[in-house]
2 protein chains.
Amino acid sequence: MNAPTDKEIVFASRMAQLRPSAIREILKTTEAPDVISFAGGLPAPELFPTETFQVAARTILSGDSTGALQYGVTEGYTPLREWLSGYLNETVGLRVKAGSVLITQGSQQGLDLLAKVLLDPGDVVLVETPAYLGALQAFQSYQAKVVGLASDEEGLRADLLEQALSALSAPPKFLYLICNYQNPTGTSMSAARRQDIAEIAARHNLLVVEDDPYGRLRFEGGPERALGAQSKSGPWAYLGSTSKILAPGLRVGWVATSHAGLFERLVTAKQATDLQTGSFTQRLVFALLNRGEWLDQHIANLCEVYRKRRDVMLQSLESQMPEGTHWTRPSGGLFLWVTLPRETTDTLSLLRRAASHQVAFVPGAPFCVGQILSNALRLNFSNASEENIRKGIRRLGGLVRSES
Amino acid sequence: MNAPTDKEIVFASRMAQLRPSAIREILKTTEAPDVISFAGGLPAPELFPTETFQVAARTILSGDSTGALQYGVTEGYTPLREWLSGYLNETVGLRVKAGSVLITQGSQQGLDLLAKVLLDPGDVVLVETPAYLGALQAFQSYQAKVVGLASDEEGLRADLLEQALSALSAPPKFLYLICNYQNPTGTSMSAARRQDIAEIAARHNLLVVEDDPYGRLRFEGGPERALGAQSKSGPWAYLGSTSKILAPGLRVGWVATSHAGLFERLVTAKQATDLQTGSFTQRLVFALLNRGEWLDQHIANLCEVYRKRRDVMLQSLESQMPEGTHWTRPSGGLFLWVTLPRETTDTLSLLRRAASHQVAFVPGAPFCVGQILSNALRLNFSNASEENIRKGIRRLGGLVRSES
C-alpha cells in the first residue's frame, strides 16, 4: 500500500484561517487530575440532573421509541419547538412562532449555519472584542473579515458601532453579540445600551445575531429583554442552548429568527450539513424543559452554587493578585476576565508556567479582534469547588506576583 | 416593532446552489398514514433494538453519567474510536488507527466536513451518476463543480474516470463513491472494478471518498474490501454510520482517513462546526456495537427481513409494471432503481399523481449529474411491510400502465 504524504492534498483556502490553536495543545497538558483548571467553559458535572434524565430516558424509550430512534424532520422535534416559542417570549421577550425556531447541534451549530448562509469570503461581521472564540472560528471558517468593536462598562460602545457602519464601504452582514454574562469577559450590557444598539442596528437594517447561552444563570439583577425584543428592532437571530442549564453532552441548542427567508435557508443548510439534530436527545431535553417548576428550581440551584463560586473567586483574587490587577465582577454566567498590571505580560507564556504549577486558564489574546490584550486571561468559576478555587487562585497569584 | 422583509438580507452566493427541493414539498403531502411510501431512506422501525437501547441507557446514566452529559473531545469517544479501528479492519479491510477515526453527527456530517476542508468555489468533485442527493447538496453548498461519470453493470466505468482525469484542466479534489448497494440505484461495484478504480486513483494521486452506510446490509455474496484496502490504493477517506444498522435518530457516524493532514483539518473544522458529537449518544451506540455476537445476530435479522421485502418488491414489479420497464436487483441495502419504458415520461409529474393515489417514491432526476434520467425513480423496500409493498407496487404499476 502506498504511504501518502501530506503534500498530496490541496486544502480549501478557508483552512488557512481555520487553524488548530496552540493553546489547545497546552491545555491538553492540564487535563491531569492534580491540575486545577479554570480554563474550560464546563458546567459543574455534580449538578447534572442525572436521575431526572434517567427517568426521562426510560419513559421515552418505552413510550416513543420509534420517534426517538427514527429519522425526524430537519427543523426539529415539534413539541420542543413549540415549547421554545413560549419560553423565548417569557424569558427574553421575543415573539416568535414555533415555525421560526430551528433545533441545532448545540448553539455552536447555529453560528456555523448562520455563517454558512450569510457569508461570502471577505464579507464583514461586526463583533464585540474580546469575543467568544467559537464564534470567531465559525465566521473565519467562511473567510469573513471580522471587525472588533470595543466596549465600556455598559457593553458594546454605540458610538463605535455608528462609526463602523458609516466608515465601512460595504454594509456588514451582521453584528454578533453576547449581551448576558459575555464569554470571555463575564460582563453584561446595560438596559439603556441594549435599546441604543437595537435602534442603531434597526436604522441601518443590520441583522443582529444575539447569542445567549448564559442568560438564565443570573445571580443578581433582573432579566433583560433580548435585542430583538427592544422597542425599536430590525431583523434578528437569537441563539440558545441547553448546554449550560441541563447538560452540554446532549448537544441541543436552537436558533430563532424574525426573518422568514433566513429561517428557510438555515433549514436548507442544516439539511446539507447533518440532516437533523438527534431525535432521542431532542426528546430528552424536552422532557426536562417541559417540567416548568422543576426547571426553575434546578436553575435556581445552579445559580446558587455558581454565585458562591464566583464570590470565592472574587475574594481570592482580592487577596492573592498583586496591586494593579483588574478583573470583572460578573452578575451571572461562568467566566470572569482578569487584566494583569503590566501590559507587557504575555499570558500565553504565563499559561505554560501555570501548567507546571498545576493551575490552568485561557490566555486573553485569542479572543481579541484587532487590538491584542496579551496581559489578559479568562477564568471559569463554575467547574471547580470553592476549596479548589481558593487553592488555584493562590497558585496563580503566587506565580503572577513572582513575575511582577 | 419593525416587520423586516426578505429583501433586507443578502445571502451568501452558495445559497443560490443550495435550494430546497420541490420534491421535498410534494413528499410532505405523502406523509399521511394511508399513503404507502417508498420514498424515504428509512430503516424499519419495528426492527429497532429498543430494549437493548433501554438497558444501555440505564447502564450509562447510572455508571458514567458525567461522561455522558459533559462536554467531550472533538475527535469523539475514545472506546468507540478504538472499536471502530478493529471493526473497519475486520469488515472492509481498512487498516486505520483509532487516532484517524473522527466521530460525526451521522455520515452526512462527514460529507459536509470533507467538503468544508477541501473545496473552494469551482473545485471539481467526481461522482458516479446518479449519486446520493445528500452528498450532492453537501458538495454544492461549498460551490463545487460536480462532474458525473456513468456506470455499467460492474459499477463506475474505469475508462470514463481515466478520460475525466486526462481531460480536466485542474485535478479534481476527490472522487466520491458508494460501492455497496448504492443510493439511489442499489447496485454494487464488482471486485475487479474496485481494483481498477483504486489503481487509477492511486496513479493520479486522487483522493477517494468512499461512503459505506449500507455495506453490512448484505443479502447475498461475500463482503468486498473498501477502495482504500485494495492492493494499490492512494489517499482515501471512508465514511460509515450506525443509522442503518442501529438507529438513525441517534446521529452517530464516522469518517476515517489514511491522510494525517486531512484528519487534523477535519477535526479543526468539526470544532468550528458543532464542537463534538453527542457524548451520551456516542456511548449508547458503543454499548450496542461492542456486543459482538448480539450485533452480528441483529444485523443478520435486519438482512433477513429486508431480503424478503426486496424479493416481494422484485416479484411485484415483475407482475405489475408494463413491458419495457427495467429495474435493478440489489443484493443488499435499502433501495432499487426503476427505469420506465418511455424516455419522455417525467417521474416528477408521476409523483404528483402517485401522491393522489396514496403511493410515493423519489423521482430520479435530482440524483442525476449531467444527463438527466427523467423516466427513472428510486424505491425504498426497507420501510414497508410485504403486504404494503404488494399493495403499493400494484397502485404504482396501475398508474404507470394507464399512461403507457
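Through which surface do the copies, chain A and chain B, meet?

1. Interface. The copies meet through the same surface, because 100% of the interface residues of chain A are also interface residues in chain B. Contact here means heavy atoms within 4.5 Å.

2. Basis. This is a predicted model, in which local features need pLDDT of at least 70 and side-chain atom pairs count only at pLDDT 80 or more, while totals for chains, interfaces and linings use all residues. Residues are numbered from 1 along each chain as its sequence is written, chains are lettered from A in the order in which they are written, and side-chain values use heavy atoms, with hydrogens and water left out.

3. Symmetry. Chain A is superposed on chain B by a rotation of 180° with 0.0 Å of shift along its axis, at RMSD 0.0 Å (least squares on the C-alpha atoms of residues with pLDDT of at least 70 in both). That is the relation of a two-fold axis.

4. Asn380(A). This residue lies in strand S15 (residues 376-380) of chain A; strands are DSSP runs of E, at least two residues, and helices are runs of H or I, at least four residues, numbered from the N terminus. Asn380(A) counts as buried because its relative accessibility is 1%, where buried means under 20% relative accessible area with a 1.4 Å probe, protein chains only. The side chain of Asn380(A) reaches the backbone oxygen of Leu334(A) at 3.3 Å. Leaving aside neighbours within four places in sequence, the contacts of Asn380(A) include Phe38(A), Met313(A), Leu334(A) and Phe335(A).

5. Helix H4(B). The 15 residues of helix H4 (residues 78-92) of chain B should span 21 Å at 1.5 Å a residue, and the end C-alpha atoms are 21 Å apart, which agrees; the expected span is 1.5 Å times one less than the number of residues. Among the buried residues of H4(B) are Leu80(B), Trp83(B), Leu84(B) and Leu88(B). The buried residues of H4(B) pack against elements of chain B including strand S2 (101-104), helix H9 (260-274) and helix H11 (292-320). Gly93(B), with a positive phi near 75°, follows H4(B).

6. Sheet in chain B. Seven strands form an open sheet in the order S2-S10-S9-S8-S7-S3-S4 (chain B), with mixed pairing; two strands pair if DSSP finds at least two bridges between them. S2 and strand S4 (145-149) of chain B stand at the edges with a single partner strand each, so one side of each is left without a neighbour in the sheet. Strand S3 (residues 124-128) and strand S7 (residues 174-177) of chain B run parallel and are joined by three bridges; Val127(B) has Tyr176(B) as its bridge partner in S7(B).

Terms used:
Buried < 20%, exposed > 50% of the residue type's maximum accessible area, 1.4 Å probe, protein only. Polar contact = N/O pair within 3.5 Å; in protein donor to acceptor, adjacent residues only side chain to side chain.
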